Amino acid sequence: MLAYLDTLIGFAVVMLGASLIVMLLTQGVSAAGSFRGSSLRWGLRELFKQIDPRNLPTIAAKADTLAQQVLTRKLSSDSIFSSLPWIRKLVPDSWVQRFQLATAIRPDELVGILRHLAEDPSLGVLATEINQLLDRPNPVAERQIRLMTETSAALKALALDRAPALIAETVKTVRESAGYLEAGFNMAMDRVSQQFATYIRIWTIIFSFALAAGTGLDAVKLANDLYAKGDFRAALVGSAPGLIAVTEKILPPGAQSDQDAVTSAMSDLYTDAVNAALAKANVQPGAKPKGIETRDAGEAWIRHNVIDSTQQNAAINAYPAAVDQALGDFMKTRAANAKDIQKILKASGMQLTLGWPNGFNWKQLSGVLLSGALLSLGAPFWFNSLKAIMNLRPIIANKQAAEDKASA
């Protein structure tokens, strides 16, 4: 029985090691393809197209151009291309435009950028419609205010001009911050998150099948070899703790998919950069930075949470160098982790290299396709599976030892 369990452990070790490589490739192509920026552009384009095409036809007709302008503004884009236009001469415009896209934008930033665009007299009707859109109140906000006042007899009887400062300020904040545009923006961002997850999923599948096909990784043959070859099986079982330790350095706690791993890694990177900038500037804000997923979000956090102008400027000036340092450390760490994965698998007698070990064989094609499908489940799946199986091993080993002793 232990042999069956060890076969599963060895199989999970190989799948985890290969799926970690797939995840690293997915992270790379996500950054190279600027998936966050392109997803955000798609979301804004759909927002402008659908928010009110009957009354705002010019915005709907020029939705794509408007979304591109918003996300490539120097103040909203965290791309180097937005601040170094000379790079346009070195690469095609289509790629420059993709990399220029900001990867995140807040509702207040969107409103501010649109206000600024609407000041351009050359936009004509488009500028007029933008102002109409920004000035339109959100009926949901008015409903929230009505419910807030009408559900309480005391509040209902209290005129707002005589209301306590806290209540009046709350009503004012709701009414001013939740316009018609912001209501549509929040729904659009939900769809953006879904599309980004789809992008990551598609590339995970592509790289999974590419890795399986390129290396000839045959899941069926691997399982048979593990069961038949005790030394090979034992070597992989022995490597499991080391691979788990490496994986824990790469995967965030509780990650359920490669998308979770990508998002968490970027959040840790930029949050660390903000902390480093604050430390460099000797600033100690009341709140602690967390969940910062993009470069511009980090700068926005500093502006919002560091009130003193002198300290704020010092932290913002230190932030770019902190980001560069954090990115460099991140890439070095990931390179070291990749080497550790390769070293662990190689020491166990399992090396993933280009080319099929025994040459191309149609009979093994089904096993290779199966490997691709299994790898596409993602590194978090195989990591959790391996840990669960490893926890069972001492129990099964003790039970088998007791049975062997009783039968002796």
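What separates Trp 203 and Phe 207 in helix α12 (residues 180-215)? The two residues are 4 apart in that helix, so about one helical turn lies between them. Helices here are DSSP runs of H or I with at least four residues, numbered from the N terminus. The model is a predicted one, in which local features need pLDDT of at least 70 and side-chain atom pairs count only at pLDDT 80 or more, while totals for chains, interfaces and linings use all residues. Residues are numbered from 1 along each chain as its sequence is written, and side-chain values use heavy atoms, with hydrogens and water left out.

A pair of aromatic rings is described by the distance of the centres and the angle of the planes. Rings of Phe, Tyr and Trp (its six-membered ring) are paired if their centres lie within 6.5 Å, and planes under 30 degrees apart count as stacked, over 60 as edge-to-face and the rest as tilted. The count by this rule is 4 aromatic pairs. With ring centres 5.5 Å apart and planes at 35°, Trp 203 and Phe 207 make a tilted pair. Trp 203 is partly exposed at a relative accessible area of 26%, whereas Phe 207, at 18%, is buried; buried means under 20% relative accessible area, exposed over 50%, and partly exposed in between (1.4 Å probe, protein chains only). Elsewhere, Phe 11, Phe 381 and Trp 382 come together in one aromatic cluster.

Helix α18 (residues 365-375) has Gly 367, Val 368, Ser 371, Gly 372, Leu 374 and Leu 375 buried. Viewed down the axis of α18, these buried residues fall within an arc of 165° (taken from the directions from the helix axis to the C-beta atoms), so they line one face of the helix.

Finally, Thr 128 sits in helix α8 (residues 125-135) and is partly exposed, at 43% relative accessibility. Its C-alpha atom is separated by 9.9 Å from that of Ile 59, 69 residues apart along the chain.
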